[in-house]
Amino acid sequence: MTILTTQSGSTNEKNLEEHINAIREWNKKLQTSSEEITFLNQFVSADIFQQDLPNLYEHLFTFSNTLTALKTEKIDLQQVISNHKNDINGMLECEDISCESFYSTEHKKIENRLMKFLNDLAEFQIQLFKFCTNKLRMSN
């Protein structure tokens with residue numbers, strides 16, 4: 001006769017470990033995006049564009065404002081992820097599926113928000129690069 005035993009909390013521990021690993025990856029991606037935003041801010045502010053372009057300063061102002069909004073969202077996301085990392089240990093105390101589901105739902109919401117932020121940043125970069133095509137000064 002085989003007796004099946006289950007370790008209490010093992011599913012929660014496995015899910016917790018998966019969530020913590022995901023959070024580590026999120027933080028790496030946010031660190032990379034932080035470096036990208038810093039570089040792009042310097043790029044947009046640099047005196048590298050042809051001076052006779054129509055509406056140059058309006059375009060650069062728009063790019064700068066978008067970068068500011070992206071930076072603000074990144075900072076907010078870092079705070080949300082930090083809070084989530086601190087709260088996620090509550091998953092170990094879950095005794096029913098609805099409790100565990102709550103933490104997993106929150107985790108997924110944050111993941112979706114992060115993916116939207118990363119997609120917005122990538123789309124911004126594409127727009128900036130397209131704008132810069134044939135608009136940079138040529139060195140002598």
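The disulfide between cysteine 94 and cysteine 99 is left-handed because the torsion about its S-S bond is about -60 degrees. In this predicted model, local features need pLDDT of at least 70 and side-chain atom pairs count only at pLDDT 80 or more, whereas totals for chains, interfaces and linings use all residues. Residues are numbered from 1 along each chain as its sequence is written, and side-chain values use heavy atoms, with hydrogens and water left out.

A disulfide is a covalent bond between the sulfur atoms of two cysteines. Under the criterion applied here (a pair of cysteine sulfur atoms within 2.5 Å), the count is 1 disulfide. The sulfur atoms of cysteine 94 and cysteine 99 lie 2.1 Å apart. Relative accessible area was computed with a 1.4 Å probe on protein chains only; buried denotes under 20%, exposed over 50%, and partly exposed the range in between. Cysteine 94 is buried at 9%, while cysteine 99 is partly exposed at 24%. Cysteine 132 is also buried, with a relative accessibility of 7%.

Helices were taken as DSSP runs (H or I, at least four residues) numbered from the N terminus. Helix α2 spans residues 56-87 and comprises 32 residues. Its first and last C-alpha atoms are 46 Å apart, close to the expected 46 Å, the expectation being 1.5 Å times one less than the number of residues. The buried residues of α2 include Leu56, Leu60, Phe63 and Leu67, as well as Lys74 and His84. An α-helix has 3.6 residues a turn, so residues three or four places apart point the same way.

Histidine 19 belongs to helix α1 (residues 10-45) and is buried, at 10% relative accessibility. With contact defined as heavy atoms within 4.5 Å, histidine 19 touches Ile88, Met91, Ser104 and His107, residues up to four places away in sequence not being counted.

Note on methods. Helix = DSSP H or I, 4+ residues; strand = E, 2+ residues; numbered from the N terminus.
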